[in-house]
Structures are given as structure tokens and as C-alpha cells.
Amino acid sequence: MQIEKRSKPLVLSLHGLTGSGKTYVSQFLAKHFNPMGVESKFVHKIVASASFPHVTQVKTYQDQLQAMVKNAVKDCERSIFIFDEIDKMHPGLIDAIKPFLDYYDNIDGVSYRKAIFIFLSNAGGEKIAELSLKFWRAGRSREEIKLSDVERDVYLSAFNKKDSGYWHSSLIEKNLIDVFVPFFPMEFQHVKMCVKAELERRGFVASEETTTAIAKEMTYYPPGDKVYSVKGCKTVSTKLDLFL
């Protein structure tokens, strides 16, 4: 990725239901750009519900958010910011960082072009799941779904979701988000892969029999068809504890 030649910071918005892999991918991306990943002091993770709990203090949070981004990029021009639970953020709050995502050479002598912003949100997850199920019922593979099939629905869902971070946000209105990335719900085969990875992480041999048995303990939907995991891979570790 040609970060050096960018005219603005890279801004990605990852959307999908709980357990679809947004956090995992954000950590993977952080590690790609910084060998220490999320453990690096130059990778900043902000969880909306923990960092900004009170709706009455939005103005204070906006000031804090701006100061945090400014100071971080002054220290390291390649700083990475991961904002989790954007859908739970107070409306208008995320717009405080709009100037840093725009097409400016610099702001007060500081360039933000080499910084990376990654937003995680459940908004639009239902639309993504609906499209995925529609393809499945038509006998088509999820791999056939193109970004153009779903991206518009995703950002419109986010933009129009009241009482959430992207509601009528200038980040969307001014086209400052480079890509809206859809995360499709996990199927049985994907849950098995998560089980296998967790077993191997713990030092066990991940046999087909064991991974299948544990994956079957998860809850799937819709009723009858049971195509997608309700919680994705989020509770695999807990299920594994019980199984073992």
C-alpha cells in the first residue's frame, strides 16, 4: 500500500454483526503496518462505550479526541487509530476528527496523511446478513457477492441510524471514508476453522471429529436452515473450555 503517496489518511470502516471478525482483522491490519500490532504505543484503540459513556459530555469528549489524535500524530506520523463500537458512539462526536481525515497538506504544521483510521461498527450488519442469506437461498456462493452489491446499503444504514456515531456524520457526507468493508456472518465451516485455530493455539491436535463436535455446539440461524452462527466465533473459546 502506497502510504507515502496518499493525499489523505487511510480510513476504513468495517461493518458486520457480532463475531464476524472485525476486531480480528483490525488487529491483523495493525500488525501489518506495525510489527508490535495493538501492543505498540503508536496503535491507539478507543472503545466508545468505555471512553465516552456520558451523552452530556460530548463537547468535552470532542476536545479530548482531537487532542489525542493531534498528540499521537505529532509523536508518530504513522499512528494507527482503531475506533470500536462506532454504532454506540454519541452522534456528532466522531465528527470532531473530520479535519484530520480530510485532504489537507497539514494542520498547524502537522501532516496526517500517513496516519490510519479504522472504524468498527455493527451498523449495516443486518443488511449484510440479509444479502448473504439471499445469495445462499439462490444457490450462489458468498464469494460471488461484490463490494458494489452491498457497500451503498452499508453506508446508508450507518448514516441513517439515529443515536449512533455515524448518524448524519460529515465523515460519510464528505466521502472521507475510503472503503466500507462488509463482514458476512460466519457459516459452520468458518466456525470449525475458528475452533481449529483455538485448539492449536492451546497446543492440542485439532482433529476433524473434535472441531466438528465443538462447532455443532454453537447456535445457528435461521431456524430450520441453520446456516449462520448467531455469535460468529465470539464464544468459541468458552465452548472449548466446557468441551475440554
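**View 1. Phe83, Ile97, Phe117 and Phe119 touch the most other members of the largest nonpolar core, which has 41 residues.** A nonpolar core here is a set of buried Ala, Val, Leu, Ile, Met, Phe, Trp, Tyr and Cys residues joined through side-chain atoms within 4.5 Å. Buried means under 20% relative accessible area, exposed is over 50%, and partly exposed is in between (1.4 Å probe, protein chains only). This is a predicted model, where local features need pLDDT of at least 70 and side-chain atom pairs count only at pLDDT 80 or more, while totals for chains, interfaces and linings use all residues. Residues are numbered from 1 along each chain as its sequence is written, and side-chain values use heavy atoms, with hydrogens and water left out.

View 2. Touching, or contact, means heavy atoms within 4.5 Å. There's also a second, separate core of 12 residues, with Leu199, Ile214, Met218 and Tyr220 among them.

**View 3. Helix α6 has Val150, Val154, Ala158 and Phe159 as its buried residues.** They cover an arc of only 160 degrees around the axis, so they sit on the same side of α6; the arc is that of the directions from the helix axis to the C-beta atoms. The buried residues pack against β1 (10-16), α5, α7 and β5 (179-183). Helices (H or I, at least four residues) and strands (E, at least two) are DSSP runs, numbered from the N terminus.

**View 4. Arginine 6 and aspartate 178 join their side chains in a salt bridge (3.2 Å, N to O).** Arginine 6 lies in the segment before β1 and aspartate 178 in the loop between α7 and β5, so this pair ties together parts 172 residues apart in sequence. A salt bridge is a side-chain nitrogen of Lys or Arg within 4 Å of a carboxyl oxygen of Asp or Glu. The whole structure holds 15 of them.

**View 5. Glutamate 200 and lysine 196 meet in a salt bridge too (2.7 Å, N to O).** They're four residues apart in helix α8 (residues 188-201), so about one helical turn separates them. Glutamate 200 is partly exposed at 43% relative accessibility, and lysine 196 is partly exposed at 37%.
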